[in-house]
Amino acid sequence: MTDYAIPAPAQPSLPIEGSAQRFPVHRIYCIGRNYGKHVKEMGGDPKDQPPIFFAKPADAVVAPGGAVPYPPSTRNLHHEIELVVALKGGGTKVPADKALDLVFGYAAGVDLTRRDLQNQAKDAGAPWDASKGFDASAPTSAIRPGSVPPSGGITLSVNGQTKQDGELSDMIWSVAEIIAKCSELWTLQPGDLIFTGTPDGVGPLVKGDAVVGEVAGAGTVEFTIA
Ligand code: MN
């Protein structure tokens, strides 16, 4: 046993549907601008850019039942419902036609975003860490095992009102293509999560809001902003 000078940090993890075992989270990668309508609502052209990746710390993940506080230093917290890919394998320069072999399962997650800070960062050409990678910024459902990417609807409601209502088929980059592209930039590892982008309809959350995000074939993420 390693004799650490301070207590070793806890291993972030998520439950697995139908299992008593948990999925240990290694890294959280995210892709931006991956649904045609959302790219347009943010003022872009879906076809003019390669995928944009950013990351959240592994301990930004919030397992079902965990607290999601309204974060400090923002007045514009936004929801982004996303299909989450959980990896059981890794590698670099993974070909797209081998990429799904790395997949352990899928989940529903919300890429919480301090939109005011993100807009300031975009204007300044500054990094997105503070707008995307803050504490408790990745509430995620249990992981549903299986390697075949789900299809169907991706929706999010706030206090019972539908805010996002998209289709997984509207993704610009497929799950396999995202894994392949991500592995060109980082060595993927077992335990990595990849948030695959959000459809249009993103909007603000306030304290007390009850959020329910459903991704067909992947799960339901539910939390209340504390
Ligand atoms: Mn996102």
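**Metal site, rings and cysteines in a predicted model**

The structure holds zero disulfides.

Author: This is a predicted model, in which local features need pLDDT of at least 70 and side-chain atom pairs count only at pLDDT 80 or more, while totals for chains, interfaces and linings use all residues. Residues are numbered from 1 along each chain as its sequence is written, and side-chain values use heavy atoms, with hydrogens and water left out.

Reader: How do you know that C30 is in no disulfide?

Author: A disulfide is a pair of cysteine sulfur atoms within 2.5 Å. The cysteine sulfur nearest to C30 is that of C182, 9.4 Å away, and C30 is in no disulfide.

Reader: Why does C30 count as buried?

Author: Buried means under 20% relative accessible area, exposed over 50%, and partly exposed in between (1.4 Å probe, protein chains only). C30 has 0% relative accessibility and therefore counts as buried. C182, also at 0%, counts as buried.

Reader: What makes E80, E82 and D111 donors of the manganese ion?

Author: Donors are N, O and S atoms within 2.8 Å of the metal (3.2 Å for Na, K and Ca); water is not among the atoms, so sites may look incomplete. The OE atoms of E80 and E82 and the OD atom of D111 lie 2.0 to 2.1 Å from the manganese ion. E80 lies in the loop between β6 (77-79) and β7 (81-87) and D111 in the loop between β8 (103-110) and β9 (113-114), so the pair ties together parts that are 31 residues apart in sequence. Helices (H or I, at least four residues) and strands (E, at least two) are DSSP runs, numbered from the N terminus.

Reader: Why is the pair of F53 and W186 called edge-to-face?

Author: Rings of Phe, Tyr and Trp (its six-membered ring) pair if their centres lie within 6.5 Å; planes under 30 degrees apart count as stacked, over 60 as edge-to-face and the rest as tilted. A search of the whole structure finds four aromatic pairs. In one of them, the ring centres of F53 and W186 are 5.9 Å apart and the planes stand at 85°, so the pair is edge-to-face. F53 lies in strand β4 (residues 52-56) and W186 in the loop between α5 (175-185) and β14 (193-195), so this pair ties together parts 133 residues apart in sequence.

Reader: Why is the pair of F54 and W128 called tilted?

Author: The planes of F54 and W128 are at 55° and the ring centres 5.5 Å apart, so the pair is tilted.
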